[in-house]
Amino acid sequence: MTNLLMRCIHERAAIEMIYLSEKGVISHRLITPYSFDGKLITAYCAVRKQIRTFELKNILSVQFRFLPS
């Protein structure tokens with residue numbers, strides 16, 4: 001997953017993911033990651049329409065997503 005995140009940051013590509021919040025709520029997100037420090041991902045979240053921080057340990061699944069230019 002780390003390689004996918006780094007690739008998406010470099011290519012400014014999106015990731016579709018299933019995420020488990022700290023409160024135990026599962027959500028579907030479409031994010032464009034900006035940075036990754038090994039534990040935290042800072043990304044634009046298309047669902048919330050804002051920059052958010054996601055914990056790597058709470059990501060349940062990811063998929064590379066091609067977006068139209």
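The protein exposes about 4,800 Å², of which carbon and sulfur atoms supply 54%; the accessible areas come from the Shrake-Rupley method with a 1.4 Å probe, and for residues only the protein chains shown count as cover. This is a predicted model, in which local features need pLDDT of at least 70 and side-chain atom pairs count only at pLDDT 80 or more, while totals for chains, interfaces and linings use all residues. Residues are numbered from 1 along each chain as its sequence is written, and side-chain values use heavy atoms, with hydrogens and water left out.

### Overall fold

One helix and five strands make up the secondary structure of the protein, where helices (H or I, at least four residues) and strands (E, at least two) are DSSP runs numbered from the N terminus. Along the sequence these elements follow the pattern α-β-β-β-β-β. The C-alpha atoms fill a box of roughly 35 × 25 × 20 Å along the principal axes. The radius of gyration is 11 Å, which agrees with the value near 11 Å that a compact globule of 69 residues would have; this radius is taken over C-alpha atoms, and the globule rule is 2.2 Å times the number of residues to the power 0.38.

Of the 69 residues, 33% count as buried, a class that means under 20% relative accessible area, whereas exposed means over 50% and partly exposed lies in between (1.4 Å probe, protein chains only). Among the contacts with a separation of 6 or more, 40% come from residues 24 or more positions apart, a contact being heavy atoms within 4.5 Å.

### Charged side chains

The protein carries 10 positive and 5 negative side chains, and the centres of the two sets lie 6 Å apart. In this count Lys and Arg are positive and Asp and Glu negative, with His and the chain ends not counted, and the place of a charge is taken as NZ of Lys, CZ of Arg, CG of Asp or CD of Glu. Side chains of opposite charge can pair when their charged atoms come close. A search of the whole structure finds two salt bridges, each defined as a side-chain nitrogen of Lys or Arg within 4 Å of a carboxyl oxygen of Asp or Glu.

| Salt bridge | N to O distance | Relative accessible area, positive residue | Relative accessible area, negative residue |
| Arg7 and Glu11 | 3.2 Å | Arg7, 41% | Glu11, 44% |
| Lys57 and Glu55 | 3.8 Å | Lys57, 62% | Glu55, 26% |

Arg7 and Glu11 both lie in helix H1 (residues 2–11), four residues apart, about one turn of the helix. Arg7 is partly exposed, and Glu11 is likewise partly exposed. In the other pair, Lys57 is exposed, whereas Glu55 counts as partly exposed.

### Positive phi in two loops

Arg12, although it is not a glycine, has a positive phi of about 55°. Arg12 is placed in the loop between H1 and strand S1 (14–20), and with a relative accessible area of 73% it is exposed. Lys49, also a residue other than glycine, has a positive phi near 60°; Lys49 lies in the loop between strand S3 (40–45) and strand S4 (50–55), and counts as exposed at 63% relative accessibility.

Ile9, in helix H1, touches Pro33, Tyr34, Ser35 and Phe36, when residues up to four places away in sequence are not counted. The C-alpha atoms of Ile9 and Asn58, 49 residues apart along the chain, are separated by 19 Å. For Arg7, which is also placed in helix H1, the C-alpha atom is separated by 11 Å from that of Thr32, 25 residues apart along the chain.

Val62, in strand S5 (residues 59–65), is partly exposed, with a relative accessible area of 28%. Val62 and Glu16 are 46 residues apart in sequence and 5.7 Å apart in space, C-alpha to C-alpha. With residues up to four places away in sequence again left out, Val62 touches Met1, Leu4, Ile15, Glu16 and Met17.
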